[in-house]
Each structure stands twice: as structure tokens, then as C-alpha cells.
Amino acid sequence: MRAVGHGIDSYDGGDTGFLNTLYPEWHTWSPEHRLRFGYNAQRTLHWFTKKNPKYWETMVSRGLHIVHYSSSPKPWEIEPGDRRRKDKLEKIWWSVHDECLRF
């Protein structure tokens, strides 16, 4: 990726467009050759499963490595004291952020 990265245009200007350009046939690959969900869990899935919290806990949290904050506002855009900072994923983000600052 690093070797060809500068020569590839991303149709959306971001990582998704870059990866789709680099691997245009990814959707034809067998599941074991695809990135598992826990490496690109969309924050919006957490919102859509609030009515069934066991789904998130059972299906996502065990293998969760990366939460993709693709929607707005991003956790780092939410001012201290804003009620939206109290959401579960925002709390996790701020906890990891604060822990990283200690190093």
C-alpha cells in the first residue's frame, strides 16, 4: 500500500475510496480473506442496536478493535459538558484518549 499509495486516487478522498480502488474485487473474496467487522465497526451500528443492547455486547464488543466514527459529530468535536459526550462509545473514546495522554 505504501509503495503505490501516492499513485492511487480515492474516489471519496478517504480511506474507503483508497481501499476500494486498491482492491476492487474485495467483495468477491471469501469471508476469511476479508477484514472482520471488529476492525471497522461503524459507530452508527451502536446507535441502531440501542433497542437491543445484547446484540452490541454479544456480536461486536468481544472482537472490537476499531470503532469507525464516520458520522458527525466526532467525539473530539463534542465540547466538555455536552450531553452527547455521555453516550457509551463517546465515553470509551474519551477514556482511551485520556489514558493515551498519560504516556
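This section describes the aromatic pairs, the charged side chains and a nonpolar surface patch of a predicted model.

Residues are numbered from 1 along each chain as its sequence is written, and side-chain values use heavy atoms, with hydrogens and water left out. In this predicted model, local features need pLDDT of at least 70 and side-chain atom pairs count only at pLDDT 80 or more, while totals for chains, interfaces and linings use all residues.

The structure holds four aromatic pairs (rings of Phe, Tyr and Trp, the last by its six-membered ring, with centres within 6.5 Å; planes under 30 degrees apart are stacked, over 60 edge-to-face, and the rest tilted). One of these joins Tyr-69 and Trp-76 edge-to-face, at 6.4 Å centre to centre and 75° between the planes. Tyr-69 is buried, with a relative accessible area of 10%, and Trp-76 is partly exposed, at 46% (buried means under 20% relative accessible area, exposed over 50%, partly exposed in between, with a 1.4 Å probe and protein chains only). Trp-76 also pairs with Trp-93; the ring centres are 5.3 Å apart and the planes lie at 40°, so this pair is tilted. Because Trp-76 lies in the loop between β2 (67-68) and α4 (88-101) and Trp-93 in helix α4, the pair ties together parts that are 17 residues apart in sequence (helices, H or I of at least four residues, and strands, E of at least two, are DSSP runs numbered from the N terminus). One aromatic cluster is formed by Tyr-69, Trp-76, Trp-93 and Trp-94.

The loop between β2 and α4 also holds Lys-74. Lys-74 is buried yet has no salt bridge, and Glu-77, the nearest side chain of opposite charge, is 6.2 Å away (a salt bridge is a side-chain nitrogen of Lys or Arg within 4 Å of a carboxyl oxygen of Asp or Glu). A polar atom of the Lys-74 side chain lies 2.7 Å from the backbone oxygen of Tyr-69.

One salt bridge is found in the whole structure. It joins the side chains of Arg-43 and Glu-90, at 2.3 Å from N to O. Arg-43 lies in helix α2 (residues 43-48) and Glu-90 in helix α4, so the pair ties together parts that are 47 residues apart in sequence. Both Arg-43 and Glu-90 are buried.

Met-1, Leu-19, Tyr-23, Trp-26 and Trp-29 make a nonpolar surface patch of about 480 Å² (residues with over 30% relative accessible area and no salt bridge, with nonpolar side chains joined within 5 Å; areas are from the Shrake-Rupley method with a 1.4 Å probe). Trp-26 lies in the loop between α1 (15-22) and β1 (41-42) and is partly exposed, at 38% relative accessibility.

Definitions and conventions:
Patches are made of residues with over 30% relative accessible area and no salt bridge: like charges are joined within 9 Å, nonpolar side chains (Val, Leu, Ile, Met, Phe, Trp, Tyr) within 5 Å. Lys and Arg count as positive and Asp and Glu as negative; His and the chain ends are not counted. A polar contact is a pair of N or O atoms within 3.5 Å; within protein, one must be able to donate a hydrogen and the other to accept it, and residues adjacent in sequence count only if both atoms are side-chain atoms.
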